[in-house]
Amino acid sequence: MSVPDDQHYTFVADQIKKGVVTPFLGAGASLLDRPANGFQRGESLPTGSELARMLATVVKYPDEAGLEDLLKVSEYFEAVRDEVSLYEELHGVFAIEFRLNALHRFLARLPAYLRAQTPARPPQL
């Protein structure tokens with residue numbers, strides 16, 4: 001796989017401008033600009049494996065080899081406790097006021113920029 005260059009980014013930007021490409025963010029989008037000390041509950045968002053390890057610690061997950069498997073750990077959590085307890089634990093992780101990163105700010109400004117460039121097009125969702 002080749003590394004994108006300036007030509008690639010110019011092409012993608014033109015396609016966004018034309019309304020042909022809609023940015024789609026993956027799970028790693030919130031990791032940009034994250035503090036060097038990684039996931040800190042109440043301050044930043046976790047990766048899937050960080051969330052799995054946190055949940056595993058709470059319920060004393062017995063399988064050392066599966067500590068980073070979010071699906072298995074969350075299923076175990078729900079089986080040992082209950083669905084409400086899992087929801088409450090996840091709510092405590094995700095219902096926070098976290099700092100927006102450069103990607104979030106860029107995408108928040110993008111609709112106004114696109115309207116100024118091409119007023120006839122509605123903003124992308």
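Okay, histidine 104: its relative accessible area is 17%, so it is buried, where buried means under 20%, exposed over 50% and partly exposed in between, with a 1.4 Å probe and protein chains only. Histidine 104 sits in helix α5, residues 102-117. Helices here are DSSP runs of H or I, at least four residues, numbered from the N terminus, and strands are E runs of at least two. Leaving aside neighbours within four places in sequence, histidine 104 is in contact with Ala29, Ser30 and Phe98; contact means heavy atoms within 4.5 Å.

Quick word on the source. This is a predicted model, where local features need pLDDT of at least 70 and side-chain atom pairs count only at pLDDT 80 or more, while totals for chains, interfaces and linings use all residues. Residues are numbered from 1 along each chain as its sequence is written, and side-chain values use heavy atoms, with hydrogens and water left out.

Now the core. Which residues make up the largest nonpolar core? There are 12 in all: Phe39, Leu51, Ala52, Met54, Leu55, Ala56, Val59, Tyr61, Val73, Phe77, Leu86 and Val93. By nonpolar core I mean a set of buried Ala, Val, Leu, Ile, Met, Phe, Trp, Tyr and Cys residues joined through side-chain atoms within 4.5 Å. Two or more residues each come from α2 (48-59), α3 (70-80) and α4 (83-94), and α2 gives the most, with six. Take Phe77: not counting residues up to four places away in sequence, it touches Leu55, Val58, Val59, Asp82, Ser85, Leu86 and Glu89.

On to the rings. The structure holds one aromatic pair. Rings of Phe, Tyr and Trp (its six-membered ring) pair if their centres lie within 6.5 Å; planes under 30 degrees apart are stacked, over 60 edge-to-face, and the rest tilted. With centres 5.1 Å apart and planes at 85°, tyrosine 61 and tyrosine 76 are edge-to-face. Tyrosine 61 is in the loop between α2 and α3 and tyrosine 76 in helix α3, so the pair ties together parts 15 residues apart in sequence. Buried or partly exposed? Tyrosine 61 is buried at 12% relative accessible area, whereas tyrosine 76, at 27%, counts as partly exposed.

That loop between α2 and α3 also holds aspartate 63, which is partly exposed at 33%. A polar atom of the aspartate 63 side chain lies 3.1 Å from the backbone nitrogen of alanine 65.

Last stop, just after α1: there, glycine 19 takes a positive phi of about 85°.

Notes. Polar contact = N/O pair within 3.5 Å; in protein donor to acceptor, adjacent residues only side chain to side chain.
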